[in-house]
Amino acid sequence: MALLNIQQPNTLRQPAAQKGHPFWELAFRPWFLLAALWSVFAVTIWMGFLHGKPLTHQWHMLNPLVWHTHEMIFGFAATVAAGFVLTAVQTWTSQPSLNGKPLMLLTLVWIAARICFALNDSTSVYLGFALQMLWWLGVIASYSQLVLKVKNKRNYVFIGIFSLMMFANASLLIADIQQNIPLAIHIAQTAVLMFVLLISLIAGRVIGFFTKNGAPQSNPQQYAWLNLVSNLLSAVCVLGIFLTYFSRDTIVWYLLSFIFISTGILQTIRLIGWQPHKTLKVPLLWSLHATFLAMSFGLILMGISFVTDNIGFSDALHLITVGSIGGMILAMIARVSLGHTGRMIIVGNTMAIAFGALIIAGISRSALAIFGMPQLSWKISAVLWIIGFMIFVVVYTPILFAARKDKIGC
């Protein structure tokens with residue numbers, strides 16, 4: 001694996017145990033839990049605004065739509081991604097990753113940034129901007145010093161990815177502060193496609209591996225050329241969607257439509273090779289397959305939206321943001337939280353309901369809006385999102401606060 005050195009949970013290389021409460025051992029514990037909880041609050045706040053009951057009347061700084069997109073992309077998804085990578089880097093380098101008091105401090109910075117952006121007055125937004133950038137610098141510095149120390153070149157790529165995300169985050173906030181809302185929203189949409197690229201790179205590698213180990217009757221197929229082309233086209237989608245802000249030429253839109261549809265089709269072919277039909281009895285597997293399929297179909301719908309008014313671009317994009325990014329995050333944090341706390345990687349029916357809720361949320365948010373029922377799509381998807389992530393919070397809070405089981409002989 002070029003990006004991921006995957007090992008079974010019981011054989012993960014763990015540096016010497018850290019002193020202090022288990023909750024602060026690694027970044028995945030506080031950041032998975034807080035990001036999930038914050039996504040519930042953020043969606044609730046957003047739905048309140050849509051129904052005329054905003055949390056604050058001071059929307060003269062961050063535009064409400066910009067706040068919503070910023071918090072879901074950079075307050076939620078990026079936080080989970082950082083928690084995952086800062087946890088995985090300990091395995092990749094055999095060096096202690098961010099933990100203890102430094103992790104507490106960076107977590108407090110993250111919490112303070114969320115509060116500042118929610119207050120949304122002139123002082124709090126500028127302070128929130130500074131805190132958000134400080135959080136990013138802490139993430140990048142913590143990660144970089146580990147991979148550079150042991151010259152783990154195969155994973156230098158995340159230094160670049162996180163730096164680009166930080167730049168996109170800063171650009172979005174600056175654009176909105178300068179009241180260039182269209183540019184801020186466009187940057188947010190580009191950031192979503194960056195997560196598509198991450199899914200193509202990372203999930204595209206681990207899904208086949210997880211399927212082979214978790215579904216004994218399966219024989220997933222990997223084709224190097226298909227992986228390469230799919231990843232390259234996903235990168236082209238990121239660049240292409242960004243450049244559309246500067247060009248409204250019809251030929252460009254038709255070309256981009258072809259690229260997005262082709263990427264979605266190739267990603268679907270990859271998924272078929274991983275034999276999703278053999279994972280139906282394993283929630284931690286079918287959830288990954290289903291959310292990857294949501295990404296593929298979302299790309300196809302986005303491609304179609306470029307050349308027709310029958311499908312809204314935002315409606316197609318939300319199949320990816322809710323059904324794929326949100327759904328895959330839930331599936332991955334459920335799996336990673338078990339593996340890195342020394343537990344069996346098995347979930348019960350309750351988490352299966354949570355996975356299903358996110359997938360249905362993505363489908364309803366996209367399909368109902370396309371068929372002319374946008375308000376119903378918002379309500380259903382929001383309720384299902386809240387249900388899915390609250391289930392995670394309830395089920396996993398005891399796990400994330402407890403010590404690793406292999407440390408206590410279980």
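Helices (H or I, at least four residues) and strands (E, at least two) are DSSP runs, numbered from the N terminus. This is a predicted model, in which local features need pLDDT of at least 70 and side-chain atom pairs count only at pLDDT 80 or more, while totals for chains, interfaces and linings use all residues. Residues are numbered from 1 along each chain as its sequence is written, and side-chain values use heavy atoms, with hydrogens and water left out.

**The largest cavity**

- Rolling a probe the size of a water molecule over the atoms shows where empty space is left.
- A cavity is a set of points, on a 1 Å grid over the protein atoms alone, where a 1.4 Å probe fits but cannot get out; lining residues have an atom within 4 Å of a point.
- Grid points are joined across faces, edges and corners, and a volume is the space filled by probe spheres set on the points.
- The whole structure holds 2 cavities of 30 Å³ or more.
- The largest cavity has a volume of about 320 Å³.
- Its lining counts 19 residues, and the closest to the centre are Ala81, Phe84, Ile202, Ile329 and Met332.
- Four helices each supply at least two lining residues: H2 (64-93), H5 (157-177), H6 (181-214) and H10 (313-339).
- Residue classes work like this: Ala, Val, Leu, Ile, Met, Phe, Trp, Tyr, Cys and Pro count as nonpolar, Asp, Glu, Lys and Arg as charged, and the others, Gly among them, as polar.
- By class, this lining has 19 nonpolar, no polar and no charged residues.

**The second largest cavity**

- The second largest cavity has a volume of about 30 Å³.
- Its lining residues include Gln221, Tyr223, Asn227, Arg270 and Trp274.
- Helix H7 (224-243) and helix H8 (250-273) each give at least two residues to this lining.
- The largest share, 3 residues, comes from H8.
- By class, the lining of the second largest cavity has 4 nonpolar, 4 polar and 1 charged residues.

**Helix H1**

- H1 (residues 28-50) has 23 residues.
- From first C-alpha to last, H1 reaches 32 Å, close to the 33 Å expected at 1.5 Å a residue (the expected span is 1.5 Å times one less than the number of residues).
- H1 is mostly covered, with 17 of its 23 residues buried (buried means under 20% relative accessible area, exposed over 50%, partly exposed in between, with a 1.4 Å probe and protein chains only).
- Just after H1, Gly52 takes a positive phi of about 80°.

**Salt bridges**

- A salt bridge is a side-chain nitrogen of Lys or Arg within 4 Å of a carboxyl oxygen of Asp or Glu.
- The structure holds 3 salt bridges.
- Arg29 pairs with Glu25, their closest N and O atoms being 3.5 Å apart.
- Arg29 counts as buried because its relative accessibility is 0%, and Glu25 counts as buried at 11%.
- Glu71 and Arg114 form a salt bridge with an N to O distance of 2.6 Å.
- Glu71 lies in H2 and Arg114 in H3 (residues 100-119), so this pair ties together parts that are 43 residues apart in sequence.
- Both Glu71 and Arg114 are buried.
- Asp315 and Arg365 form a salt bridge at 3.2 Å, N to O.
- Asp315 belongs to H10 and Arg365 to H11 (residues 349-370), so the pair ties together parts that are 50 residues apart in sequence.
- Asp315 is buried at 15% relative accessibility, and Arg365 is buried with a relative accessible area of 8%.

Technical notes:
On a 1 Å grid over the protein atoms alone, a cavity is a set of points where a 1.4 Å probe fits but cannot get out, and a pocket is an open set with protein on both sides within 12 Å along at least five of seven lines; lining residues have an atom within 4 Å of a point.
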